Structure formats: structure tokens, C-alpha cells
Amino acid sequence: MSAPAGWTNPLRDTTDLRLTRIPEPNALVLFGVTGDLAQKKLLPAIYDLANRGLLPPGFSLVGYGRRDWDADAFREVVEGAVRKHARTPFREDVFAQLAEGFRFVRGDFDDDDAFDRLAETLHELDGARGTMGNYAFYLSIPPGQFPVVTQQLKRSGVATSDSSWRRVVIEKPFGHDLQSARELATVVDSVFPPDSVFRIDHYLGKETVQNILALRFANNLWEPIWNANYIDHVQITMAEDIGVGGRAGYYDGIGAARDVIQNHLLQLFALTAMEEPVSFDAVDLRTEKEKVLSAARIPGDLDASTARGQYEGGWQGGEQVTGFLDEDGMAPDSGTETYAAITLEVDNRRWSGVPFYLRAGKRLGRRVTEIAIVFKRASQYLFPDTATQSMGENALVIRVQPDEGTSIRFGSKVPGPGMHVRDVTMDFGYGHAFTEESPEAYERLILDVLLGDPPLFPQAREVELSWAILDPVEDHWAATGGPLEQYPPGSWGPASADAMLRRTDRHWRRP
């Protein structure tokens with residue numbers, strides 16, 4: 001679908017977002033409105049967009065669910081979520097104006113009558129609110145429900161239009177392997193054309209993730225050395241200091257690799273390793289990400305190039321915590337990993353011989369997501385061994401969360417009469433460098449859906465390439481079987497993960 005007249009790509013646009021990023025009038029239908037994601041992220045993000053003046057007049061929100069709510073009850077639920085989780089101050093006038101477009105439709109997903117009422121509600125909004133037949137359907141529901149909901153949207157006649165736009169938003173997981181991802185794409189694409197399908201990976205909405213593009217391509221400092229001639233290896237880490245908690249039932253059978261590496265970390269890998277795109281348009285960005293995902297592979301010895309484990313019980317942060325196998329609802333013989341690490345190699349000229357190490361885990365030392373570009377050691381022939389023995393490798397570290405920013409580690413002379421060199425760090429933090437507050441990821445992504453702006457959304461080919469990388473690892477782990485290696489809470493994972501890097505005389509960073 002073509003962009004609205006006068007629209008410019010936000011990744012190129014340097015003007016005020018308020019002047020260029022106001023969507024056409026529309027209605028957003030939210031399935032799963034009672035879930036945690038809707039309550040903690042989606043509803044607050046919608047309010048924050050309204051509070052920033054980034055939603056069009058007449059914007060309408062339709063909730064769909066089984067609760068026996070009338071319009072007043074739905075308004076109270078939305079207001080409660082907004083007051084508790086919104087990032088911008090609560091303003092009665094803004095919320096009152098937004099609430100004029102609230103509607104709620106009660107029904108199950110297989111209820112024909114309820115979807116007919118949904119269609120009637122949307123048509124009523126076209127007349128009462130001027131939404132012009134533009135509808136976005138946000139499926140914040142389990143993937144197993146996608147087929148029935150998309151088919152109901154098709155049957156009730158609201159999925160397509162010749163004169164207005166219709167879009168569907170789906171949350172991860174995008175399948176649990178390559179085959180299921182293809183089946184899911186077939187189901188959704190049978191109702192909505194590919195350019196109307198928005199797969200949300202909320203990491204791609206984070207300001208620091210988008211800053212990878214600026215860091216690489218807006219500066220002449222990094223791109224000339226962004227290759228195998230200068231870079232020794234790359235580490236991409238997503239660490240959490242919490243356990244699975246109440247998600248044990250969901251998490252069992254999925255694990256860290258499927259939950260995090262297949263989507264978040266492989267997207268960070270693609271943005272870090274891809275070639276310079278022709279432009280920041282969706283097609284050009286997607287082309288380069290698909291090329292590098294196609295070139296990525298796991299080394300042949302999967303025992304040596306991967307690691308996994310489960311956190312055990314013990315003390316963390318001054319409190320006693322439960323081990324994974326003892327969490328409520330967890331099978332005591334579960335083979336699901338809470339820590340996963342893989343090695344990627346890239347078969348192209350830029351990255352030949354440079355390993356990428358991706359790791360994700362729960363109950364680790366601290367909560368952090370970062371990309372560390374570790375450079376090759378400079379020649380030390382000018383310095384005696386004792387002068388540089390406290391030095392590590394130069395590194396560029398992109399912090400995605402928390403404390404978003406970038407740091408550079410390099411060697412500097414220690415003050416004094418001798419020539420002794422020690423690592424120092426130069427740091428840039430978003431909170432210190434800019435007065436503007438970074439928008440929450442879901443604000444940016446919801447706004448992009450309403451604008452029909454797809455650069456930050458992976459399409460089916462990217463998802464399938466990511467599963468093609470991970471499936472051999474999952475198959476190998478399933479075939480290996482047996483109890484998983486345990487690691488203490490508050491540590492940085494199992495010993496096998498350290499051994500994975502030691503085989504090549506490398507080591508994990510301590511973020």
C-alpha cells in the first residue's frame with residue numbers, strides 16, 4: 001500500500017515528528033484486550049500517542065473479548081491501565097477525548113454473531129467518528145487462535161476493502177520452528193496481503209536498536225573498520241536477572257533459544273552484520289537483512305558451538321530463589337533450557353572468520369541487553385609485556401537496555417613516569433545527551449502500523465531464515481536429551497558456555 005501524500009520515511013526525516021507522522025483516521029481493534037501485554041504496554045502506548053498529539057481526530061479503539069463489559073466498564077479498564085502504566089502524565093481532557101472512540105464487543109473467537117457485531121461497530125464508527133473504513137486488527141492472542149480469528153475477519157467482511165486500508169498485527173512467537181512458521185504465514189496471508197501483515201518484534205522499536213543504523217551509516221568512524229580486517233568477534237547478549245515466575249506453563253517446551261534468540265537476537269545480529277542498504281525504505285532494509293541471515297550458519301560441531309543450561313535454586317541479590325525445575329507448574333524432568341548460547345559464522349567477504357556469539361538467559365548476573373563489537377589486538381611491539389598486561393581488547397558496546405547508550409573501551413597511558421597502558425571507557429548515554437525522551441517501543445510500532453510504515457517489521461522471509469538457523473540446534477538438543485547443566489542464580493550461565501569461547505582463546509564480557 002502506498003504511503004499517504006506528503007509522508008516521508010521517519011528513518012530519514014529530520015523534522016518534527018508531530019508534523020509528519022499523523023496517521024489517517026482509523027479504528028484499532030484489539031483482540032486480547034484483557035491480557036498482560038494489552039494492560040501493561042498496548043493501552044498505555046495508545047494513550048501516550050494521544051497525549052503526544054500523534055493520533056488523528058476520530059481515532060477509535062475497539063476491544064474484543066469474553067468479558068461482560070459495557071462501554072463504561074471498558075473505559076474504566078482502559079483508564080486503570082493508563083493511570084498505572086502510561087509514561088506521560090494523565091490528562092483528563094486527553095483521555096476524555098480518546099474515550100469517545102472506545103467500543104467493546106463481547107464474544108468468543110468462534111462466535112459468528114459477535115464478529116458480525118464487530119463489523120457493525122466498525123461501520124458505525126465510520127459514520128460517527130469518521131474512521132473512513134481504515135481498520136487495524138491487533139492479535140494479542142496465542143498463535144493457535146490466529147486461524148479462527150483471521151477467518152472470522154474474512155467471513156464478516158472487514159478484512160479487505162477496495163477503498164480503504166486493512167492491516168493485521170501479530171505478536172511473536174511466529175511459530176515454533178520453520179515448518180510452523182510457514183504454516184502460520186500461509187494462514188495469515190490467505191486473508192491479508194503480505195504488505196498488510198505487521199509482525200511485531202518490540203526490540204526493533206527501541207531507540208538504541210534503531211541507532212545501530214545511525215551509528216554505522218551516519219559516521220565515517222566505524223564503517224571502514226566494520227569488517228574481518230579489524231573485528232575479532234561480536235557478542236550479543238540478552239540477560240535477565242529474574243526467573244520464569246508465573247510463566248512456567250508457557251515457558252516449558254519453548255526455552256531461551258526459541259523465546260529470545262530466534263527473534264530478538266537474530267534481528268540484532270542482522271542489523272549489526274548486514275551490508276549498507278540502498279536506502280532506509282522497508283524493501284531495501286529487508287533485502288540486506290535477508291542476505292546476511294541467508295549467509296549465517298552454525299559451525300558443524302554443535303556440541304562445541306552451542307551451550308544450554310537451567311538455573312538452579314540458591315541465593316541471588318540477598319534472597320532465596322527457586323530453581324527452574326521447582327517453579328510452580330514446571331515438570332520436574334523438563335528439558336527446557338533457561339540459558340542458551342550459539343555461535344554464528346557468516347559466509348561472506350566482510351565477516352569471514354569472525355564469530356558472532358549470541359546468548360540469552362534468566363537468573364543471570366544483571367538485566368542487560370547489549371551488542372559488543374570486540375576488535376583485534378593492536379601490535380604491542382613498542383610496549384613491554386608488563387606495560388599492557390592489564391589491557392583487554394578494544395570494544396564498542398551498544399547498550400540496548402537498560403541505560404541506553406554506547407561506550408568505547410580503549411587503552412590509555414596511566415599517569416606517571418612509566419609507560420603503562422590501561423583500559424578506559426568513553427561513554428555516551430541517551431539520558432545525558434538528549435533532552436528528548438525516547439518513545440516506548442510499542443508507541444513507535446503502533447504508530448508505524450497506523451501509518452502503514454513497515455521498515456521495523458520482519459516479514460515472513462526473515463522469520464523463516466531465522467528458524468532455518470535455529471532449527472538444527474533445536475533438533476540436536478532434542479536428540480541429545482538427558483538432564484541439562486545447572487548454573488547458580490546470579491551467575492553468568494553454565495560452564496559449557498565459557499568453554500564454548502575458551503576453545504578459541506576468547507571469553508565472555510561481564511556487562
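Q: Within this predicted model, what range of relative accessible area makes a residue partly exposed?
A: A residue is called buried under 20% relative accessible area and exposed over 50%, and partly exposed in between.

Q: Why is aspartate 108 called partly exposed?
A: Its relative accessibility is 36%. Because buried means under 20% and exposed over 50%, aspartate 108 counts as partly exposed. Aspartate 108 is found in the loop between β3 (102-106) and α5 (112-129). Leaving aside residues up to four places away in sequence, aspartate 108 touches Tyr64, Arg66 and Phe115.

Q: Why does lysine 172 count as partly exposed?
A: Its relative accessibility is 21%. Since the term buried requires a value under 20%, lysine 172 counts as partly exposed. Lysine 172 lies in the loop between β5 (166-171) and α7 (178-189).

Q: What makes strand β2 (residues 60-65) mostly covered?
A: Six of its six residues are buried. On one side these are Ser60, Val62 and Tyr64, and on the other Leu61, Gly63 and Gly65.

Q: How do you know that β2 pairs with β1 and with β3?
A: Pairing requires at least two bridges. Five bridges join β1 (residues 27-31) to β2, and five bridges join β2 to β3, so both pairs meet the definition. Glycine 63 is the bridge partner of leucine 30, and phenylalanine 104 in β3 is the bridge partner of glycine 63.

Methods:
Residues numbered from 1 in each chain as written. Predicted model: local features only at pLDDT ≥ 70, side-chain atom pairs only at ≥ 80, totals over all residues. Heavy atoms only, no water. Helix = DSSP H or I, 4+ residues; strand = E, 2+ residues; numbered from the N terminus. Buried < 20%, exposed > 50% of the residue type's maximum accessible area, 1.4 Å probe, protein only. Contact = heavy atoms within 4.5 Å.
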